[in-house]
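Visitor: I would like to learn how to read a fold and its pockets. Could you walk me through one case?

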Amino acid sequence: MVNTVWKDRKRIIFGLPWTFTKYGLSEDRFFMETGFLNVKEDEVRLYRITDVSVARSFWQRLFNLGTITCHSSDRTLKTFEIKNIKKPKEVKELISTYVEEERDRKRVSSREFISGDSGFDNDDDDDDN
C-alpha cells in the first residue's frame, strides 16, 4: 500500500471534480490515473523530475485552480501536466520538496550544462578583413 501525501482530481467548470483523471503523490512517486472504462495508470519516480512550473489562466485564478507542468527523465512521461487542481502553488512546492528529498536520498545529482557554443564567433584570432 502506498502512503499518499497528496491527492486530487482534475477539475472542470467552477472547479468541480467531475472528471476521471486522478492525481496522487507519495514520498517517492507521482501517480496519474485517467479514464473511466479504459483506465490508464502512470507513475513517475520523483528523483526523475527535473523541473516543475505553474501556469494559471484568468479562469483558473477565479476558482483558485492551476496547471503544474513537470519535466522528467522518465521514458514514458517526459513532460506531463497536472491540470486544473486546487491550490497549485502549494502543490508545486510540495512536489518540489519531495523531489529534492528523494534526489538527496538516492544521491542523484542533476547536472546542468551550459554550452559554450552560443552561435557567436568569439575567436579573437580570426582575421575578418
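**A helix, a sheet and a pocket**

Guide: Start with helix α2 (residues 88-106), which lies across β5, β6 and β7 and runs at about 170° to β5. Helices (H or I, at least four residues) and strands (E, at least two) are DSSP runs, numbered from the N terminus. Angles run from 0 to 180 degrees between N-to-C directions, with axes fitted to C-alpha atoms, for helices over the stretch in contact, and contact means heavy atoms within 4.5 Å. This is a predicted model: local features need pLDDT of at least 70, side-chain atom pairs count only at pLDDT 80 or more, and totals for chains, interfaces and linings use all residues. Residues are numbered from 1 along each chain as its sequence is written, and side-chain values use heavy atoms, leaving out hydrogens and water.

Visitor: In what order do the strands of the open sheet come?

Guide: Strands of a sheet pair through backbone hydrogen bonds, either parallel or antiparallel. Here three strands form an open sheet in the order β5-β6-β7, with antiparallel pairing; two strands pair if DSSP finds at least two bridges between them. β5 (49-55) and β7 (79-86) are the edge strands, each pairing on one side only. From one strand to the next, the twist averages 20°.

Visitor: How many bridges join β5 and β6?

Guide: Six bridges, in the antiparallel sense, link β5 to β6 (residues 65-72). Aspartate 51, for example, has histidine 71 in β6 as its bridge partner.

Visitor: Which strands supply at least two residues each to the lining of the largest pocket?

Guide: β1 (4-9), β2 (22-26), β3 (29-34) and β4 (40-45) each do. A pocket is an open set of points on a 1 Å grid over the protein atoms alone, where a 1.4 Å probe fits, with protein on both sides within 12 Å along at least five of seven lines; lining residues have an atom within 4 Å of a point. Among the lining residues are Tyr23, Phe31 and Glu41.
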